[in-house]
Amino acid sequence: KFRLLFNSFKTANGLLQQQELFFDCLYELLQPSTCNNYSLMSTHQKDSRIQLLVDFIRSRYQEDISLHQMAELARLNQFHLVRLFKKTTGLSPYNYLLILRIEHAKQLLRKGFKVQEAAAEAGFYDASHFNRMFYKIAGTPPKSFRLSKSQYCTNFTA
């Protein structure tokens, strides 16, 4: 995890991913014994806060979102936000954001947008990062996906 954090600073990854990795590393160091007071909240509170964050991410997925913004919105500590989001949705906030962006890019590619246009419109600032993430999630390079006029749909509705 520390290697991933270090590598995220060397590459042009998004702020959200870097912050997420940082707090994940802190969690490993501290362990739950010192930071487990979020478990006192009811399940309803957890769901409503995470639903608020999901709605926020869905409405702003093309922007550069930070953990700080999300923590203020949900009134949670950034560290607890990452853990709670992952526990509730099964994905980290960064991975959730990434999947939304890729799904939007797929729709644009199906409509005939060029790869670079789809990447920019979906919120990616670096074409190589877009290509890597698209391949990782979709299993095919974006150019191949665009040329195939693919009809397979993986609409993400978490």
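User: How are α6 and α8 oriented to each other?
Analyst: In this predicted model, α6 and α8 are roughly perpendicular to each other. Their axes cross at roughly 95° and come within 10 Å. Helix α6 covers residues 93-110, and helix α8 covers residues 127-138.

User: Why give both an angle and a distance?
Analyst: Two packed helices are described by the angle between their axes together with the distance between those axes.

User: Which residues of α6 and α8 meet?
Analyst: From α6, the residues are Y94, L98, I99, I102, A105, K106 and L109. They meet H129, F130, M133, F134, I137 and A138 of α8.

User: How do the residues of that contact divide into nonpolar, polar and charged?
Analyst: Eleven residues of the contact of α6 with α8 are nonpolar, one is polar and one is charged.

User: Now the aromatics. How many aromatic pairs are there in the whole structure?
Analyst: The search finds four aromatic pairs. One of them is formed by F130 and F134.

User: What is the geometry of the F130 and F134 pair?
Analyst: The pair is tilted, with 55° between the planes and 5.6 Å centre to centre. F130 and F134 are four residues apart in helix α8, so about one helical turn separates them.

User: Are F130 and F134 buried or exposed?
Analyst: Both F130 and F134 are buried.

User: Which residues form the aromatic cluster?
Analyst: F124, F130, F134 and F145 form one aromatic cluster.

User: What sits over the ring of F124?
Analyst: The charged end of R101 sits over that ring, 5.8 Å from the centre of the F124 ring.

User: Changing topic: how do α4 and α5 cross?
Analyst: The axes of helix α4 (residues 67-74) and helix α5 (residues 78-89) cross at roughly 85° and come within 9 Å. That angle makes α4 roughly perpendicular to α5. On the α4 side, the contact is made by L67, H68, M70 and A71. On the α5 side, Q78, L81 and V82 take part. The residues of the contact of α4 with α5 divide into five nonpolar and two polar, with no charged residue.

User: Where is R75, and what is its phi?
Analyst: R75 lies in the loop between α4 and α5. R75 has a positive phi of about 55°, although it is not a glycine.

User: Is R75 buried or exposed?
Analyst: R75 counts as exposed because its relative accessibility is 74%, where the cut-off for exposed is over 50%.

User: And R3: which helix is it in, and is it buried or exposed?
Analyst: R3 is found in helix α1, residues 2-10. R3 is exposed, its relative accessible area being 67%.

User: How far apart are the C-alpha atoms of R3 and L21?
Analyst: They are separated by 9.8 Å, and R3 and L21 are 18 residues apart along the chain.

User: Finally, the overall picture. How many helices and strands does the chain have?
Analyst: The chain has nine helices and zero strands, in the pattern α-α-α-α-α-α-α-α-α along the sequence.

User: What percentage of the residues count as buried?
Analyst: Of the 158 residues of the chain, 44% count as buried.

User: And how many of the contacts join residues at least 24 apart?
Analyst: Among contacts between residues at least 6 apart in sequence, 63% join residues at least 24 apart.

Technical notes. Residues are numbered from 1 along each chain as its sequence is written. This is a predicted model: local features need pLDDT of at least 70, side-chain atom pairs count only at pLDDT 80 or more; totals for chains, interfaces and linings use all residues. Side-chain values use heavy atoms; hydrogens and water are left out. Axes are lines fitted to C-alpha atoms, for helices over the stretch in contact, and angles run from 0 to 180 degrees between N-to-C directions. Helices (H or I, at least four residues) and strands (E, at least two) are DSSP runs, numbered from the N terminus. Angles under 35 degrees count as roughly parallel, over 145 as roughly antiparallel, 65 to 115 as roughly perpendicular and the rest as oblique. Contact means heavy atoms within 4.5 Å. Ala, Val, Leu, Ile, Met, Phe, Trp, Tyr, Cys and Pro count as nonpolar, Asp, Glu, Lys and Arg as charged, and the others, Gly among them, as polar. Rings of Phe, Tyr and Trp (its six-membered ring) pair if their centres lie within 6.5 Å; planes under 30 degrees apart count as stacked, over 60 as edge-to-face and the rest as tilted. Buried means under 20% relative accessible area, exposed over 50%, partly exposed in between (1.4 Å probe, protein chains only). A charge sits over a ring if NZ of Lys or CZ of Arg is within 6 Å of the ring centre and within 35 degrees of the ring normal.
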